[in-house]
Amino acid sequence: MFQSSKVIKRHPLNPILTEKSVPYDADLIFNAGVQKIDGTYYMLFRNDYCAPRGSHNLAGTNIGLATSKDGVHWDVDPEPHFEVSDGEIKRVYDPRIQVIDGEIYICFAVGTWHGIRGGIAKTDKDFRKLEWISMSAPDNRNMVLFPEKINGKFARLERPFPVYSRGYDQFDIWYSDSPDLRYWGNTDLVLPAEKVPYVNAKVGPAAPPIKTKEGWLTAFHAVRAVPPKKNGWEDTWGKEYYAGIMMLDLKDPKKVIGLYEEPLLAPEADYETKGGFRNDVIFPGAMILEDDGEVKIYYGAADTVECLATAKLDDLIALCMKK
Ligand code: BMA
């Protein structure tokens, strides 16, 4: 019913990373964070592994590192990069990488025994160190950091999930800022789900914002509830995940100044709609703006593989800014 925008090109080598390229136990490779630092692309990918490999018996989640010189072909490290599972924390997943003033930060969804939390950690150039800076109260996740301080404060988008007040899967995108990445406040609503015409359920942040002359451009995830059916590995699955795109005000990023009212990316390709763990899922995790004005959009497909789509920055801006 809904189609991807014409300005989007799926990369001909999609999916660009799958479990086949991972030399250790790996089954579902998706929802990666990517950054280009000093000319090298770094990807932290989510790996949901099964025991034994290749079975449908999910056994855990770790995070792998892959590097690339062109953002398309990847070298995967020989070992998983990290797996966090210590007492209260069950696992971390869906990493989002941001560089602010030369420091590298990762936002994670953190599964704990007492709810899902949004965690922010500082790391170093080889992504080995994980120094936790802050962890939200449950239930919150999908945090993304802005690439610079705004009005003197660090800023993030986030997605609390207030089941009591909004109902199951009716969730929105929120904003908070912080003097130090530890204490977050000034929280406000950014994009309520009902403002997005093709959504009948929830929205949430996806790719960390990039700065443009018009504003902060950011891709979000947008969910439609559909009648549950057997889809993928589970007996019933009743959702479709799209990528949406919007523009936020440069000085007041709580303010949406442009929203594309149709999906940027809708599940259409075979690797998005067939044979995956959960088909019909597109979940962006990064947008990289190249010097020639191309934007690389990295996204998880079907909760199974990692993909790349490209678009021209000017086209993405035009989608958001024209009514
Ligand atoms: C969300 C998260 C994502 C996942 C999506 C689709 O709730 O768990 O990591 O990609 O569902 O299954």
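Which side chain meets Arg 53 in a salt bridge? Select Arg 53 and look across to Glu 19: their side chains meet at 3.2 Å, N to O. A salt bridge here is a side-chain nitrogen of Lys or Arg within 4 Å of a carboxyl oxygen of Asp or Glu.

Before moving on, know that you are looking at a predicted model, where local features need pLDDT of at least 70, side-chain atom pairs count only at pLDDT 80 or more, and totals for chains, interfaces and linings use all residues. Residues are numbered from 1 along each chain as its sequence is written, and side-chain values use heavy atoms, with hydrogens and water left out.

**Stop 1: the salt bridges**

Stay with that first pair. Arg 53 sits in the loop between strand E3 (40-50) and strand E4 (58-68), and Glu 19 in the loop between strand E1 (9-10) and strand E2 (28-37), so the contact ties together parts that are 34 residues apart in sequence. Helices (H or I, at least four residues) and strands (E, at least two) are DSSP runs, numbered from the N terminus. Arg 53 is partly exposed, with a relative accessible area of 34%, and Glu 19 is partly exposed at 25%. For these labels, buried means under 20% relative accessible area, exposed over 50%, and partly exposed in between (1.4 Å probe, protein chains only).

Next, select Glu 234 and Arg 278, whose closest N and O atoms are 2.7 Å apart in a salt bridge. Glu 234 belongs to strand E17 and Arg 278 to the loop between helix H2 (270-273) and E19, so this pair ties together parts 44 residues apart in sequence. Then pick Lys 36, Glu 290, Glu 294 and Lys 296, which are linked in a network of salt bridges. The search of the whole structure finds 20 salt bridges.

**Stop 2: strand E20 and its neighbours**

Color strand E20 (294-301). Seven of its eight residues are buried. On one side, E19 pairs with E20 in the antiparallel sense over seven bridges; strands count as paired if DSSP finds at least two bridges between them. Pro 284 stands opposite Tyr 299 here. The two strands form a hairpin with four residues between them, and Gly 293 in the turn has a positive phi of about 90°.

Now follow E20 into E21, which runs antiparallel to E20 with eight bridges joining them. Lys 296 faces Thr 310 in E21. This hairpin has three residues between its strands, with Ala 302 in the turn at a positive phi of about 55°.

**Stop 3: the cores**

Show side chains for Leu 217, Ile 245, Met 287, Tyr 299 and Leu 316: they have the most contacts inside the largest nonpolar core, which has 28 residues. A nonpolar core is a set of buried Ala, Val, Leu, Ile, Met, Phe, Trp, Tyr and Cys residues joined through side-chain atoms within 4.5 Å. Helix H3 gives the most to this core, with five residues. A second, separate core of 22 residues includes Ala 155, Ala 193, Met 246 and Ala 266.

**Stop 4**

The structure holds zero disulfides (pairs of cysteine sulfur atoms within 2.5 Å).

**Last stop: helix H1**

Finish on Tyr 164 in helix H1 (residues 163-166). At 86% relative accessibility, Tyr 164 counts as exposed.
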